[in-house]
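Dear colleague,

I am handing over the structure below, and my notes on what was found in it follow.

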Amino acid sequence: MIIEDRICFATTAMLRPELLAKTYESFRQHLQGIDLQKTQLFINIDPAPAAGSATAVLDVANQFFGKVTPRLSPAPSFPAAVKWCWQQADTDYLFHLEDDWQLLRPFNVSRAVEVMDAKPNLI
């Protein structure tokens, strides 16, 4: 089975498309062993700050991931966002990726999955 079938991604986001684009671009550049365009993203979008746009956030997500499943939250709630995202996962692994993270150096996610497969007590 290929890695893209074994892992999905989850993001709890706010209405900050520029920040999200910077985050996802850093992961596209440095996350090795996987093609994000062949993976699924579950993204919870909280309605804050008030001046932001959920459509713009979704546009960014669709630029980086092959399939995007959104939830437009009725009210900001980080615990509810995480719970919803994690409940959607139907793959062996879930990569939780916040909207304000940045990957600064190469990381091979395929190798990490190989290690976790070989040593299930790590999970």
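**Helices and sheet**

Helix 3 (residues 78-88) lies across strand 1, strand 3, strand 4 and strand 5, and runs at about 160° to strand 3. Helices (H or I, at least four residues) and strands (E, at least two) are DSSP runs numbered from the N terminus, while axes are lines fitted to C-alpha atoms, for helices over the stretch in contact, with angles from 0 to 180 degrees between N-to-C directions. This is a predicted model, in which local features need pLDDT of at least 70 and side-chain atom pairs count only at pLDDT 80 or more, whereas totals for chains, interfaces and linings use all residues. Residues are numbered from 1 along each chain as its sequence is written, and side-chain values use heavy atoms, with hydrogens and water left out.

The open sheet consists of 4 strands in the order 4-3-1-5, with parallel pairing, where two strands pair if DSSP finds at least two bridges between them. Strand 4 (67-72) and strand 5 (93-96) stand at the edges with a single partner strand each, so one side of each is left without a neighbour in the sheet. From one strand to the next, the twist averages 20°. Strand 3 (residues 40-45) pairs with strand 4 over 6 bridges in the parallel sense, and P70 in strand 4 is the bridge partner of I43. Helix 2 (residues 54-64) also packs on the sheet, touching (heavy atoms within 4.5 Å) strand 1 (7-13), strand 3 and strand 4, and its direction makes about 165° with that of strand 3.

Helix 1 (residues 17-30) packs against helix 2 at an angle of about 10°, with their axes 9 Å apart.
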